[in-house]
Amino acid sequence: MSTSLPMPGDEREQQFPSPSDFARLMQSLTHCILIHDAATKDILWANPAACDMLGFTLSELKPLKAPDMSSADPRFRRAAGVQWLQDAADHGTSRTEWMYRSKSGRDFLTEAIAVRVNLADRPIVMVQFRDIEKEESLKSDLQRTEGRLQAFLSHMAEGILVMDAESVVSYASSAASDQLGLSTAELVGTKFLELCSPGSKQVLEKALATPRPDGSATSIRLELSRPDKTKVWVGASCQHIELERDLKGTLVLLHDITDQVAAEEQHRRDLEHLNYLGRYNAMGDMAMAIAHELGQPLAAATNFVDGVSRRLRNPDTAVQDLEYGLENAKKQINRANQIVSSLRAFVVQLEHSEQIVDLNEIVEDCLYFIQLRGQQHETEIQVVKSDAPIWIRCEKILTGQVILNLCHNAIDEMSTWPRRERHVTITTYATAESGVFRVADRGKGIAHVPDGRIFDGVFTSKSTGSGIGLALSHRIITRQHGRLWAEENESRGASFTFELPLANE
C-alpha cells in the first residue's frame with residue numbers, strides 16, 4: 001500500500017502534517033532549536049539535538065537564563081542575549097555568533113539565528129544554532145597557514161609564475177617581480193615569451209607545448225630582458241598543473257643564474273686560453289725537436305750538394321761520383337722530411353678534444369721528446385709501462401703536455417748532478433678507478449717548498465723546461481676530474497704523480 005503526499009487543493013492538505021507528525025519532525029531535526037517566549041525570553045521548549053549539545057534535559061533547560069547556559073565572557077552576558085532575541089521579536093529575524101556553555105562546563109561557539117514566529121496563542125522566538133567551533137578553528141588554521149605561506153613565498157629566492165599555453169602570466173610572486181624588474185600587476189597578463197631572447201623563446205615554447213607525460217618538471221635556461229635593458233639569466237623549472245578550474249597551466253619556478261652563467265663564460269675563456277697555451281707549448285717542443293733533429297740531415301745534405309758542386313768544376317770527375325753525392329743528399333733530405341712528418345703527427349690535433357685513449361699511448365707519443373731532452377742532459381730514462389692498456393677519458397694533447405712538463409722538469413733537475421747519478425723513472429699503472437702516471441727523479445726533492453704551495457706558481461719549471469708550469473699542469477689535470485700531487489722519495493728526490501678516471505665504455 002503506497003502513501004502519497006497531499007497536492008495543492010487536496011482536501012488532505014489541511015491535515016498534513018498532523019500534530020503528531022509535526023512533533024516527530026521537530027524531534028528528528030539535527031539542528032538545535034530553542035523556543036523562547038517573545039515577551040519574557042523564557043525557554044519554552046528545546047528539541048533533542050539542543051538538549052544533547054547543551055547536556056540538559058528539557059525540564060532542566062526551561063528555568064535557565066542566559067548566564068546559566070552561556071560563556072562567562074562579557075560579550076555573552078544576559079543583556080546581550082536578551083537584546084539579540086528582542087531584535088528578532090521586533091524585526092522578524094536576527095543572526096549572531098553565541099558562545100553557549102554545556103552542563104559539563106564546556107564552552108562552544110555557535111552560529112545562531114533567531115526568528116519571530118506568531119503562534120495562535122502567543123508570539124515566540126525560535127532560535128536555531130549549530131556548533132561552528134571546528135569550522136572557526138579550521139578557518140583560523142587556514143588563515144594562519146595562508147599567512148605563513150605568503151611570508152614563505154615573499155622570502156623565497158625563487159620566483160613563481162603560472163602561465164597558459166600561450167605564455168600569458170596568470171600569477172606572479174614578488175620574487176619573480178624582483179627578478180624580472182616588473183611589478184606583479186605588470187607581470188599578470190604579460191606574455192612571458194616577449195621577455196625572452198630569440199633563442200630562449202624556442203626553448204620555452206617547446207617546454208610549454210610538450211609537458212612531460214609523467215607530470216614531472218622540465219628544467220630549462222632562459223635569457224630574459226628587463227625593462228631597464230639589462231639581461232638576466234634564469235634557470236626555469238616548468239611543470240603542468242591543474243589545481244582548480246581557474247588555476248591551471250604551467251607552473252614555472254625561476255632562480256637567477258646570471259652569476260653562474262658569467263662564471264661559465266669566464267671558464268670557457270679560461271679554457272680557450274688553456275688550450276692556446278697547450279698549442280703554444282706543443283709547437284715550442286716541436287720547434288725544439290726540429291731544430292735539434294733537422295740540423296744533422298740538413299748539414300749533411302748541404303755538404304753533399306757542395307761536394308757535387310765542386311766536382312762539377314773538375315772535368316775529370318766521374319759521373320758516378322756526382323750521382324753518389326746527389327743520391328746521398330736526397331737521402332738526407334728525405335730523412336728531414338720524415339722527421340717533420342713524425343713531429344707534425346704529434347700535434348695534428350691541438351684543439352680541445354676529449355676522447356678515450358690509452359695512457360700508455362700518450363706516454364709513447366711523448367717519449368721522443370722526453371728522450372731528446374734526456375740525451376741533451378745525458379740523463380738515463382727508464383720507462384716501466386703497464387702491460388695492459390689503461391683506457392682513460394681525457395684531452396690527449398693537454399695531458400701529453402703535462403707528461404712532457406713533469407718529465408722535462410725531472411730531467412732538468414738531474415742535469416746539475418754527477419753524470420752517473422742522472423736517472424729518471426717513468427711509470428704507468430691502473431687502480432680500480434684510475435689510470436696513474438708517475439715520474440721520479442733523484443734530485444734534491446721538494447722538502448724546501450712551502451707546504452701547499454708547490455702548484456701555485458712558487459715551484460716553477462726551469463728556464464730550459466717547456467714553460468707550461470706546474471700550476472698549469474695541476475689545472476689541466478683537475479679540470480679533467482683528476483688529481484696531481486708531489487711527494488718525497490724514500491731514498492732521494494721527488495715523484496710527481498697524476499691520476500685520471502678510467503673510461504666507462
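**Close-up views of a predicted model**

View 1. Glu 133 is partly exposed, because its relative accessible area of 34% lies between the limits of 20% for buried and 50% for exposed residues. In this predicted model, Glu 133 belongs to helix H6, which covers residues 133–155. When neighbours within four places in sequence are left aside, the residues in contact with Glu 133 are Arg 106, Asp 107, Phe 108 and Leu 109.

**View 2. The open sheet with antiparallel pairing.** Five strands form an open sheet in the order E2-E1-E5-E4-E3, and their pairing is antiparallel. Strand E2 (43–46) and strand E3 (93–101) are found at the edges, where each has a single partner strand, so one side of each has no neighbour in the sheet. From one strand to the next, the twist averages 30°. Strand E3 is joined by nine bridges to strand E4 (residues 107–118), and the two run antiparallel; in this pair of strands, Trp 98 stands opposite Thr 110 of E4. Helix H5 (residues 78–91) packs on the sheet and touches strand E1 (32–37), E3, E4 and strand E5 (123–131), with the direction of the helix making about 155° with that of E3.

**View 3. The open sheet with mixed pairing.** Another set of five strands forms an open sheet, in which the order is E12-E14-E15-E17-E16 and the pairing is mixed. At the edges are strand E12 (380–384) and strand E16 (483–488), each of which pairs on one side only. The twist in this sheet averages 15° from one strand to the next. Within the sheet, strand E14 (residues 423–430) and strand E15 (residues 434–440) run antiparallel and are joined by six bridges, and Thr 428 has Phe 437 of E15 as its bridge partner.

**View 4. The packing of helices H13 and H14.** Two packed helices are described by the angle between their axes and by the distance between those axes. For helix H13 (residues 359–376) and helix H14 (residues 396–414), the angle is about 35° and the axes are 9 Å apart, and the crossing of H13 and H14 is right-handed. On the side of H13, the residues that make the contact include Leu 359, Ile 362, Cys 366, Phe 369 and Arg 373, whereas those of H14 include Lys 396, Ile 403, Leu 404, Cys 407 and Ile 411. Taken together, the residues of the contact of H13 with H14 comprise ten nonpolar, four polar and five charged ones.

**View 5. The whole chain and the confidence of the prediction.** The chain has 505 residues, of which 39% count as buried, and its secondary structure comes to 15 helices and 17 strands. Among contacts in the chain with a separation of 6 or more, 56% are between residues 24 or more positions apart. The mean pLDDT of the chain is 82, with 83% of its residues reaching 70 or more. Over residues 463–467, however, the pLDDT is below 50, although this stretch has ten contacts in the model beyond near neighbours in sequence. Where pLDDT is low, the predicted coordinates should not be read in detail.

How values were computed. Residues numbered from 1 in each chain as written. Predicted model: local features only at pLDDT ≥ 70, side-chain atom pairs only at ≥ 80, totals over all residues. Heavy atoms only, no water. Axes fitted to C-alpha atoms, helices over the stretch in contact; angles between N-to-C directions. Helix = DSSP H or I, 4+ residues; strand = E, 2+ residues; numbered from the N terminus. Left-handed = near helix turned anticlockwise from the far one by under 90°. Contact = heavy atoms within 4.5 Å. Nonpolar A, V, L, I, M, F, W, Y, C, P; charged D, E, K, R; others polar. pLDDT = per-residue confidence, 0-100. Pairing = 2+ DSSP bridges. Buried < 20%, exposed > 50% of the residue type's maximum accessible area, 1.4 Å probe, protein only.
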